[in-house]
Amino acid sequence: MNTDIERVIVGKDEIDKMVERIGKEITRDYKDKELVIIGILKGGFIFMADLVRKIDVNCKIDFMSVSSYGASTKSTGAVKIIKDVDIDVNGKNVLLVEDIIDTGLTLTYIRDLMEGRGAQSVKIVSAFDKPSRRKVELKADYEGIQVPDEFIVGYGLDFNNFYRNFPEVGVLRPEKYIKK
């Protein structure tokens, strides 16, 4: 797997520090409040697992699976709900946990959906951010690490469901995803 990575752009130590920092911010902001943390599958599961262990507040955990990429390297913009949340978010403080904000279309859709279901508040935390690719105005409430506009994998980020288990974030060699 490592031979498929052109270069590492975010190492494990930097990821660990980012998770610790964000966990403290969320703990501070939700002290004495109940929180519903919703992980966006599949990419957000590794970040969420690390993050929730750094959050010291009462919380419920759920997952939502959506797709806007399929087997492509670019978002189609059309969001398809594959697995919806089981928890009623009406009147709750909701935190959406995502691996990366790219175009912003998927998270805007999910945020608006949770607000439409009566959530008291909806905030977004993202491990990584590619602001240069944004198609809508969207900013994470808890920002991880900005990454360049390159095709990256690892720490939950994938190509065609591979590379999620790479413990760092690296640029995938183009020959691995460009069809000839």
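Tutor: Two strands pair if DSSP finds at least two bridges between them. Helices (H or I, at least four residues) and strands (E, at least two residues) are themselves DSSP runs, numbered from the N terminus. This is a predicted model in which local features need pLDDT of at least 70 and side-chain atom pairs count only at pLDDT 80 or more, while totals for chains, interfaces and linings use all residues. Residues are numbered from 1 along each chain as its sequence is written, and side-chain values use heavy atoms, with hydrogens and water left out.

Student: How many bridges join β5 to β6?

Tutor: The strands β5 and β6 run parallel. The number of bridges that join β5 to β6 is 8.

Student: In what order do the elements of the chain run from the N terminus on?

Tutor: The secondary structure comes to 3 helices and 9 strands. From the N terminus on, the order of these elements is β-α-β-α-β-β-β-α-β-β-β-β.

Student: Why is the chain said to be as compact as a globular protein of its length?

Tutor: The C-alpha atoms fill a box of roughly 50 × 35 × 25 Å, taken along the principal axes. The radius of gyration is taken over C-alpha atoms, and the globule rule is 2.2 Å times the number of residues to the power 0.38. For 180 residues the rule gives 16 Å, and the chain is as compact as a globular protein of that length because its own radius of gyration is close to that, at 16 Å.

Student: What share of the contacts with a separation of 6 or more comes from residues 24 or more positions apart?

Tutor: Contact means heavy atoms within 4.5 Å. Among the contacts in the chain with a separation of 6 or more, the share of residues 24 or more positions apart is 67%.

Student: How many residues of β6 are buried?

Tutor: Buried means under 20% relative accessible area, exposed over 50%, and partly exposed in between (1.4 Å probe, protein chains only). Of the 180 residues of the chain, 46% count as buried. Strand β6 is mostly covered, and the number of its 9 residues that are buried is 8.

Student: Is valine 122 buried or exposed?

Tutor: Valine 122 is found in strand β6. Not counting residues up to four places away in sequence, valine 122 touches Val94, Leu96, Arg111, Met114, Glu115 and Asp141. Its relative accessible area is 12%, so valine 122 is buried.

Student: Is aspartate 32 buried or exposed?

Tutor: Aspartate 32 has its place in the loop between α1 and β2. Its phi is near 65°, a positive value in a residue other than glycine. With a relative accessible area of 76%, aspartate 32 is exposed.

Student: How far apart in space are valine 122 and aspartate 32?

Tutor: In sequence, valine 122 and aspartate 32 are 90 residues apart. In space, C-alpha to C-alpha, their separation is 17 Å.

Student: Which residues of helix α2 are buried?

Tutor: Helix α2 covers residues 45–52. Its buried residues pack against α1, β2, β3, β5 and β6. The buried residues are Ile46, Phe47, Met48 and Leu51.

Student: Which peptide bond is cis, with omega near 5°?

Tutor: Most peptide bonds are trans. Lysine 42, found in the loop between β2 and α2, takes part in a cis bond with omega near 5°. The bond runs from leucine 41 to lysine 42.

Student: What does asparagine 161 count as at 44% relative accessibility?

Tutor: Asparagine 161 is found in the loop between β8 and β9. It has a positive phi of about 75° although it is not a glycine. At 44% relative accessibility, asparagine 161 counts as partly exposed.
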